[in-house]
Amino acid sequence: MSAAILIPTLLLACGPKAPPTPVVDSRPFDHRLDMPEPLAPREFQLPQAEEATLSNGLRVVLVENHEVPLVWVQVGLRAGAWTDPHDQPGLASVTMDMLNEGAAGKTAAQLSNAQRKLGSTVGSSAGLDSATVSASGLREKLPETLDLMVDVLRHPDFPADEWSLMQKKRIQTLKANREDPRSIGDRVWEKLGFGDGYAGHQTTEAAYQAMTVKDMKRWYEANVGAQNAVVLVGGDTTMAEIQPLLEARLADWGAAKRDLVRPTDVDEHVIQPEATTIYLVDKPGAAQSVLRVGRFVGKRTDADAPAFQLHNMAVGGMFTARINMNLREDKGWTYGAWSWVDSNYATDRWQVGTSVMTPATADAVSEILREVAEAGQGHRISQAELDNGRGYLLGTWPLGFENPGKLMSETEAMWLYDLPDDWITGAPDRLRAVSLGQAHTAWDTWVRDQPLAILVVGDAATVGEPLSALGLPIVKLDADGHPLQATLETPQ
Amino acid sequence: MFLLLSAALASPAQAADLSLPHERYQLDNGLTVILHHDDSLPQVVVDTWYDVGSQNEVAGRTGFAHLFEHLMFMGTTRLPGSGFDDLMEQSGGWNNAWTSEDATNYYDVGPSHILELLLWMEADRMEGLDGAMTQEKLDLQRDVVRNERRQSVEDAPYGEAWEALNGAMYPADHPYAHPVIGSHEDLQAATVEDVVAFFQKYYVPTNASLVVAGDFDPVAVKALIEQTLGTVPRPPDMVVGSVVPDPVDLPVTPMLELTDEVQLPATMLTWHSPKVLTSGDAAMDVVASILGEGRSSRLYSALLHEQGLVTEVQAYQMSQELGSLFQVFALATSPDDDLEAIEAAVQAELDRLAQDGPTEEELTRTRNQLELHFLRELEDLNSRAENLNRYLHLTGEADYVAQDLQRYRDLTPDDIKAAAAMLSTARRQTTRIYPAPDSEGGEDDAGDDTGAEGGAQ
């Protein structure tokens with residue numbers, strides 16, 4: 001058998017080297033030397049979601065998957081941080097966190113204990129646009145797990161002693177976030193995008209200090225109710241099993257007080273940069289600078305959006321995209337650099353994000369700006385680059401449906417944002433239809449020659465001067481994104 | 001078949017027959033192959049495990065195993081430059097890799113029709129990475145890794161404490177005495193000759209195992225593997241001389257006090273504990289859970305809820321091949337809190353568990369959580385592939401999942417008591433982290449020379 005090894009070894013030592021593309025010549029195909037041709041993709045069947053309605057009108061969506069005996073249940077609520085009263089940033093998030101801290105007469109420890117005994121988990125949280133109460137556990141413990149979830153969802157007690165513990169913790173986390181360059185970057189970037197509105201409406205020590213369980217109860221009554229909710233179920237169950245269990249626990253769940261189910265004024269808060277400007281937050285001694293560069297573009301449902309998405313893949317959307325290959329694989333300035341599109345209720349925001357070694361900060365900003373400019377003119381993305389991004393997105397698309405989570409969350413997004421019916425099923429065809437010309441046009445419409453906001457969180461003593469040399473206006477901000485006095489430097 | 005609550009206290013019946021069905025064989029060149037078939041989705045995972053980690057690094061080359069992992073993506077003679085990632089991404093696949101003290105693992109995930117390409121690319125770099133290694137590639141990835149270090153250690157809150165941990169726990173000549181990420185100085189010292197020698201010693205079929213998992217033709221796949229990875233030459237027979245160090249049970253530096261760019265003081269208590277999958281290891285996991293997992297855990301109830309001493313407290317067993325560490329991490333509530341009081345309160349809870357053992361309820365709920373954890377580990381193809389390789393590496397059996405779970409099911413209250421007693425009486429290491437006095441000052445300690453070795457990635 002060793003001959004089978006010996007012969008290829010000789011070939012390697014003195015034989016011709018195949019180029020990294022499929023070989024087309026008269027030599028017979030050699031499995032070791034020649035790169036294999038991909039086979040035709042196997043047909044992929046998207047898992048089917050099944051729908052039902054409880055007698056109070058509550059919609060239930062089920063994605064079956066029987067590989068492991070686990071079930072996930074998630075109640076989505078149209079009530080995120082966008083509902084926070086102006087003087088109470090963080091109220092939605094705090095209230096949702098508090099649901100799990102005492103419900104139906106059980107203390108936080110008792111709730112936790114009950115879950116652990118079942119081997120189940122029950123959680124609750126709020127994000128920017130929506131809130132969630134979720135549960136998961138063994139199929140055979142489904143009724144008991146649902147009981148716990150419904151206690152948390154429908155009968156929260158808001159114990160004041162748990163709030164005083166959480167209050168301390170939240171304030172400490174906020175302080176710790178002011179020390180962490182990446183957290184500072186995330187917070188200030190939202191501030192630059194939305195001012196004090198929407199995602200820029202951020203928590204403060206003072207707001208936490210003033211918040212009471214009374215505020216939480218008021219928020220809860222206004223926002224948490226059946227007309228404002230959807231139930232998503234995934235895993236090892238059937239509609240015949242789950243529907244009666246949900247009907248028994250949720251059919252008498254009433255409506256929330258508030259009628260407004262989605263914000264109407266979000267885009268009024270959007271701050272599109274008027275001129276390309278550097279915003280600098282000082283983080284003395286930082287070994288790296290956190291960078292963000294971007295602007296608001298269009299809506300994910302716009303005709304140009306799939307073309308823009310593919311163009312972004314080539315610029316910064318994957319490992320082999322231009323920006324990462326330049327900043328990481330050519331220059332070695334960073335552990336990774338990416339660009340992506342944030343989609344929520346507001347107009348989509350496109351951005352590049354990375355952390356770079358301190359001495360390379362200004363050069364990295366300059367390279368990012370050059371990549372953005374050249375993608376518009378001078379070094380447009382090629383058909384091959386477009387096809388690479390498309391190949392990546394189409395190839396990885398089925399992988400996400402291995403467990404029910406992705407289909408559940410995309411279904412929730414369709415409900416939350418009123419997306420078209422073919423949003424999930426039509427995604428591959430929308431990508432297949434994009435031409436190179438359309439990708440260029442989308443980029444030209446939304447990014448090319450447009451002003452960009454640039455955020456740098458880094459050691460100002462080191463990076464300040466090289467950044468000034470870029471000739472762009474620099475605005476200095478504190479760690480909360482507030483301008484420091486007398487810092488506007490006008491370029492020569 | 002819904003069970004009543006009393007029945008719910010028993011172990012979940014369906015988790016009883018956990019398994020990772022597979023076929024295992026060896027190629028003539030010594031590569032172990034494990035096939036795990038699952039065609040529920042048109043996807044495949046190729047998971048390659050190399051039996052080398054930071055424990056194999058030589059003096060003056062800390063961080064090398066991980067640096068080497070980065071170099072595995074830098075191209076070969078046949079597939080130069082970024083060809084590996086280019087082909088991977090344009091065909092709809094993705095990949096990543098990790099390095100620990102004990103092993104280096106590479107995984108590729110993609111649609112099933114590109115399986116041959118994935119195998120071909122893995123074979124290509126297993127065979128010929130050394131022939132295409134250059135100073136430029138080394139310099140470049142060294143810079144990338146040093147940036148990874150800045151991001152994960154230097155600019156991360158409490159990163160300095162992690163960095164110092166291994167050095168405080170293990171004597172200087174122990175394979176775990178330095179952190180996986182290495183020091184800037186040693187990373188800088190690595191040469192192309194080091195890379196080639198490391199590759200030729202450790203990146204050989206006899207020191208690796210390959211898991212192919214997912215949607216493939218069970219017969220055709222063997223021919224594909226033979227035609228690709230099967231052609232990588234068998235290395236000359238040699239002993240990879242891994243010396244098993246003497247067990248360590250005392251910390252080298254019992255007390256460390258550090259400052260870092262943080263708001264709150266914290267204390268990190270660490271003990272030597274039983275090696276992975278050896279007697280006592282499972283009990284330590286359960287002790288960690290009883291002490292530190294969830295609202296009903298003992299440290300949370302006592303230190304946070306009743307005494308108001310901490311804002312956060314966690315406990316965990318970090319199981320490894322040559323020796324494990326058990327750790328409690330507690331975050332104070334204000335900048336001038338007394339860390340000694342927190343440490344005493346942790347010790348008191350440990351002593352109490354050692355004295356009285358766990359309650360029946362604590363044991364039941366921890367076991368049930370663990371059963372769920374095992375099920376979740378088996379959910380994703382990628383995780384199943386990695387577990388097959390991990391179990392093979394640790395036990396010689398690729399499907400060890402039922403035995404692994406059984407370790408927890410077999411635990412008695414006395415086992416937990418004994419594990420807690422071990423911690424309660426053993427000498428622990430204490431690392432206290434205080435906020436830097438001048439955290440708004442100019443230059444300072446984000447620098448490259450922190451002196452002490454140790455830490456995590």
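1. The lining of the second largest cavity in this predicted model comprises 4 nonpolar, 3 polar and 3 charged residues. In this classification Ala, Val, Leu, Ile, Met, Phe, Trp, Tyr, Cys and Pro are nonpolar, Asp, Glu, Lys and Arg are charged, and the others, Gly among them, are polar. The lining residues are Asn65(A), Glu67(A), Val68(A), Leu70(A), Trp72(A), Gly235(A), Glu402(A), Asn403(A), Leu378(B) and Glu379(B). A cavity is a set of points, on a 1 Å grid over the protein atoms alone, where a 1.4 Å probe fits but cannot get out; lining residues have an atom within 4 Å of a point.

2. The second largest cavity holds about 70 Å³ of space, a volume being the space filled by probe spheres set on grid points that are joined across faces, edges and corners. Over the whole structure, 6 cavities of 30 Å³ or more are found.

3. As to conventions, residues are numbered from 1 along each chain as its sequence is written, and chains are lettered from A and ligands numbered from 1 in the order in which they are written. Local features need pLDDT of at least 70, side-chain atom pairs count only at pLDDT 80 or more, and totals for chains, interfaces and linings use all residues, while side-chain values use heavy atoms, with hydrogens and water left out.

4. In the contact between the chains (heavy atoms within 4.5 Å), chain A contributes 92 residues and chain B 93. The buried area, meaning the accessible area (1.4 Å probe) lost on putting the two parts together and summed over both, is about 8100 Å², with 56% from carbon and sulfur atoms. Arg78(B), Glu89(B) and His113(B) supply 9% of the area that chain B buries against chain A, more than any other three residues.

5. Between chain B and chain A there are 8 salt bridges, each a side-chain nitrogen of Lys or Arg within 4 Å of a carboxyl oxygen of Asp or Glu. One salt bridge joins Glu101(A) to Arg295(B), with the closest N and O atoms 2.3 Å apart. The side of chain B that touches chain A has 34 nonpolar, 32 polar and 27 charged residues.

6. Over all chains, the structure has 55 salt bridges. Within chain A, Glu190(A) and Arg349(A) form a salt bridge at 3.8 Å, N to O.

Notes
On a 1 Å grid over the protein atoms alone, a cavity is a set of points where a 1.4 Å probe fits but cannot get out, and a pocket is an open set with protein on both sides within 12 Å along at least five of seven lines; lining residues have an atom within 4 Å of a point.
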